[in-house]
Amino acid sequence: MTNPDIAAVFEQVADLLEFQNANAFRVRAYRNAARTIHDLGESAEEIVRDPDRSLTEIEGIGKDLAEKIATLVQTGSLPMLDELLAEIPESVLAILRVPGLGPKKAAALFRELKVATLDELRTACEAHRVRELAGFGAKSEAAILQGLEIASEAGKRILWAEADVHVQAILAQLRSCKAVKIVEAAGSYRRGKETVGDLDFLAVAEDAAAAMDALAGYEGISQVIARGDTKMSVRLSHGLQVDLRVVPEESFGAAWQYFTGSKEHNIVLRGRAKERGLKINEYGVFHGEKSIAGRTEEDVYATLGLPCFPPELREARREFQWADAGQLPMLIEPGDIRGDLHTHSIWTDGLATIEEMASAAKERGLEYIAITDHSKRVAMVGGLDEKRLRAQWQEIDSLNERLRGITILKSVEVDILERGGLDISDEVLAEADWIVASLHYGHNQPREQITRRAIDALENPYVCALGHPTGRMLLARRPYEIDLDAVIKAAGENGKFLELNAHPKRLDLDDVACAAAKDRGVRIVISTDAHRPAGLDVMRYGILQARRGGLTKEDVINTRPWGQVKKLLGRRFSK
Ligand code: DGT
Ligand code: CA
Ligand code: CA
Ligand code: ZN
């Protein structure tokens with residue numbers, strides 16, 4: 001049983017408990033357990049099977065949880081989950097995941113209307129039976145219908161970060177096959193799109209059948225959909241489709257270009273070829289019948305007078321215009337990052353001490369880390385009030401005296417209150433080094449109200465950046481109704497930064513918004529929002545998204561040494 005499998009079981013337990021209206025802290029304990037196991041660096045199953053070890057060695061896993069994991073690994077099931085499922089049909093789990101439908105509402109639908117599946121939910125909404133229930137109205141009925149659409153998309157696409165796990169495993173599997181000379185991933189995965197519909201692989205092989213056998217031998221496969229002489233499609237156990245094409249070596253570059261896409265980028269490219277009296281397809285670039293390029297992507301683009309675009313830019317947005325002007329941006333790279341300006345510690349909902357987070361940041365080559373724990377409004381996770389915040393900052397002062405090679409910044413992720421205004425007084429904010437302000441409540445407020453809250457926060461002299469500006473949760477929650485244009489403008493006018501939250505479920509701002517911010521001269525801060533040391537590693541997903549937005553090192557502030565960031569902030573803090 002893999003760590004993600006175990007994590008999924010605990011997520012299910014948490015969902016079902018929530019549906020039953022169980023104690024919120026109990027629900028949270030199971031969610032934390034799921035997260036801990038999911039991100040564990042080694043196999044939980046192996047630890048269970050090792051007589052010399054115990055799961056309780058792991059930070060965040062107590063005796064009770066360790067026993068449950070052991071039962072799960074040894075018997076393949078968890079009695080607690082079975083009991084919950086005896087009371088609630090499994091199909092309601094899908095309903096719980098419909099954005100806009102909390103567990104309380106889902107429970108009411110189940111109780112009053114006997115709605116237990118997504119289909120039944122859709123039918124009930126369309127027949128306007130939902131709006132009749134207490135606590136529901138025409139508006140929530142419409143929101144549920146919209147949510148159903150997101151839920152159905154969630155069944156069809158997966159997060160880039162999840163796709164990456166499969167891609168790396170499949171590449172390794174194919175590369176271990178002797179007959180395979182070259183194999184690479186293409187499609188939306190290679191372009192770094194935040195969600196991926198299916199995986200596309202291209203290979204050059206002495207023996208196409210042997211390459212396809214190698215794919216068929218990948219352990220994650222549940223079904224072979226089709227297999228021909230040079231093309232094969234399979235389905236993974238989580239439902240994801242994988243296409244493999246075996247191409248001749250002299251066409252590899254053309255095929256890699258073609259199947260990387262995007263479709264829109266390819267259409268422009270075909271037009272460019274036509275203008276030059278050439279023809280381009282997945283086999284090569286042709287002058288009449290004669291192939292003039294195809295072996296490498298560089299050759300293919302060069303025959304059309306174009307640079308080999310970084311895959312992240314191939315969306316037919318501005319890349320051709322940039323290439324024509326000779327101004328293709330030098331995109332930001334992971335090694336450019338010098339600091340992380342949004343992280344958490346055990347002072348609120350993080351799982352590591354400040355010192356552990358700082359050492360982990362240092363190990364990853366960072367020069368500075370801001371500990372941005374939650375403020376008091378986020379009571380659920382023990383958000384800090386002014387007094388606790390000052391106590392935390394004292395600890396940071398003494399850590400900074402003791403630690404070498406890393407600077408810890410005094411900070412807070414201050415909640416932007418539902419009624420407007422900030423959760424921490426200006427007097428205290430002024431003593432920090434850096435302040436992130438985020439919206440955590442009142443997601444469903446109308447456009448004007450929620451936009452006003454964000455802009456007011458950006459106008460506060462001590463706020464440096466707006467955290468996860470749209471609140472989107474990929475495949476799970478729509479963004480707030482926020483007027484992003486107005487927010488970007490306000491950030492520009494106030495010399496503030498906008499966050500690109502690098503968590504693979506958020507990637508917020510997205511690529512398009514990053515480009516829009518850059519157009520207005522607004523700089524981006526790419527942050528991990530890490531809640532544990534391993535959380536710092538999500539930075540690379542943020543970089544990929546920033547690259548899709550055409551951002552360079554200069555456009556992102558945490559590529560600078562802290563001293564320079566401080567200068568950009570001006571003299572707003574008390575020291
Ligand atoms: P996805 O899988 O929905 O996340 O997105 P992609 O971009 O990976 O799309 P996919 O898997 O359907 O096709 C892979 C690439 O193949 C696509 O990016 C461009 C190329 N391609 C597919 N169909 C067409 C087409 O009809 N015309 C052109 N020009 N290219 C296509
Ligand atoms: Ca694809
Ligand atoms: Ca495909
Ligand atoms: Zn945070």
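## Surroundings of V73

V73 touches I6, E45, V48 and R49, leaving aside residues up to four places away in sequence; contact means heavy atoms within 4.5 Å. The model is a predicted one, in which local features need pLDDT of at least 70 and side-chain atom pairs count only at pLDDT 80 or more, while totals for chains, interfaces and linings use all residues. Residues are numbered from 1 along each chain as its sequence is written, chains are lettered from A and ligands numbered from 1 in the order in which they are written, and side-chain values use heavy atoms, with hydrogens and water left out.

V73 belongs to helix α4 (residues 63-75). Helices (H or I, at least four residues) and strands (E, at least two) are DSSP runs, numbered from the N terminus. With 7% relative accessibility, V73 counts as buried; the term means under 20% relative accessible area, whereas exposed means over 50% and partly exposed lies in between (1.4 Å probe, protein chains only). V73 and E45 are 28 residues apart along the chain, and 6.1 Å separates their C-alpha atoms.

Donors are N, O and S atoms within 2.8 Å of the metal (3.2 Å for Na, K and Ca); water is not among the atoms, so sites may look incomplete.

Four donors count as tetrahedral if all angles lie between 85 and 135 degrees; four count as square planar and six as octahedral if opposite donors are over 155 degrees apart and all others between 65 and 115; anything else is irregular. H344 is buried at 0% relative accessibility, and E413 is buried at 0%.

## The calcium ions

D198 (O), D198 (OD) and D200 (OD) coordinate the calcium ion (ligand 2) at 2.2 to 2.7 Å. Angles of 69 to 167 degrees among the 6 donor atoms make the arrangement around this ion irregular. D198 also bridges the calcium ion (ligand 2) and the calcium ion (ligand 3), which lie 3.8 Å apart. D198 is partly exposed, at 23% relative accessibility, whereas D200 is buried, at 13%.

## Sheet and hairpin

An open sheet of 7 strands runs in the order β11-β12-β13-β14-β15-β16-β17, with parallel pairing. Two strands pair if DSSP finds at least two bridges between them. β11 and β17 (524-527) stand at the edges with a single partner strand each, so one side of each has no neighbour in the sheet. Helix α23 (residues 539-548) packs on the sheet and touches β11, β16 (497-501) and β17.

Elsewhere, strands β5 (residues 221-227) and β6 (residues 231-236) run antiparallel and are joined by 5 bridges. A hairpin of 3 residues connects β5 to β6, and V224 has V234 as its bridge partner in β6.

## Helix α22

In helix α22 (residues 511-519), the buried residues are D511, A513, C514, A515 and A517. Their cover includes α21 (484-493), β16, β17 and α23. Just after α22, G521 takes a positive phi of about 75 degrees.

Note on methods. Axes fitted to C-alpha atoms, helices over the stretch in contact; angles between N-to-C directions.
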